[in-house]
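Here is a short briefing on one structure. Look at the sequence and the model first, then read the points below.

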Amino acid sequence: MSERDLAQEISVRNPDRFSGIYADVRTNDDSSAVPTLDGLSEVVVLTEEQRDGIEQRLREVNRKRKAFAAERERVAQEQEAAILREAELMRKGAKVGTRTNCGQIYQMNLPMVGVQTMFGMQQIELARLFGPSANCRFNNGVYIGR
């Protein structure tokens, strides 16, 4: 078993995926304490020290996974804030020739602006447009935002 094995999540669809790695078999008269071992080709019984080592490594992997998820969320929030700042600046300084998320402005009739898009020339509300780093989405040729 490797660190990579420990880092993988146990699939709900396949709960037996790691069942051969760890079996907590108790030696008492309670038969309910013995796990069902149907379909296993090998059972590894660990000492308490080995089990504690695996549990410690699993806690460390989970800690790292949570830290990674938190960092990814922080980066996503920073990117969203940057897109909103860029949109605000683009809207304040919009003029013919300004690049938007969907293309270049060719006409100003506020609150609408003419934008040369991948679907041809479109009239779009300036307040709905974003800067060039944001995505541009159309549905059946109609602008739906980013």
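**Charges over a ring**

The charged end of R146 sits over the ring of F130, 4.9 Å from its centre. R91 also places its charged end over the F130 ring, 4.9 Å from the centre. Here, a charge sits over a ring if NZ of Lys or CZ of Arg is within 6 Å of the ring centre and within 35 degrees of the ring normal.

This is a predicted model: local features need pLDDT of at least 70, side-chain atom pairs count only at pLDDT 80 or more, and totals for chains, interfaces and linings use all residues. Residues are numbered from 1 along each chain as its sequence is written, and side-chain values use heavy atoms, with hydrogens and water left out.

**Aromatic pairs**

- The structure holds two aromatic pairs. Rings of Phe, Tyr and Trp (its six-membered ring) pair if their centres lie within 6.5 Å; planes under 30 degrees apart count as stacked, over 60 as edge-to-face and the rest as tilted.
- The F119 and F138 rings have centres 4.9 Å apart and planes at 55°, so this pair is tilted.
- That pair links distant parts of the chain: F119 is in the loop between β2 and β3 (120–125), F138 is in strand β4 (residues 137–139), and they are 19 residues apart.
- The F138 and Y143 rings have centres 5.6 Å apart and planes at 65°, so this pair is edge-to-face.
- F119, F138 and Y143 form one aromatic cluster.

**Burial in the cluster**

- F119 is partly exposed, at 44% relative accessibility. Buried means under 20% relative accessible area, exposed over 50%, and partly exposed in between (1.4 Å probe, protein chains only).
- F138 is buried at 14%, and Y143 is buried at 5%.
- Beyond its neighbours within four places in sequence, Y143 contacts several residues, including N101, I124, R128, L129 and F138. Contact means heavy atoms within 4.5 Å.

**Nonpolar core**

- The largest nonpolar core has 16 residues, and V115, L129 and Y143 touch the most other members. Such a core is a set of buried Ala, Val, Leu, Ile, Met, Phe, Trp, Tyr and Cys residues joined through side-chain atoms within 4.5 Å.
- α2 (48–92) and β2 (112–117) each supply at least two residues of this core. α2 gives the most, with three residues.

**Strand pairing**

- Strand β1 (residues 104–109) pairs with β2 in the antiparallel sense over five bridges. Two strands pair if DSSP finds at least two bridges between them.
- β1 and β2 form a hairpin with two residues between them. N109 stands opposite M112 in β2.
- Helices (H or I, at least four residues) and strands (E, at least two) are DSSP runs, numbered from the N terminus.
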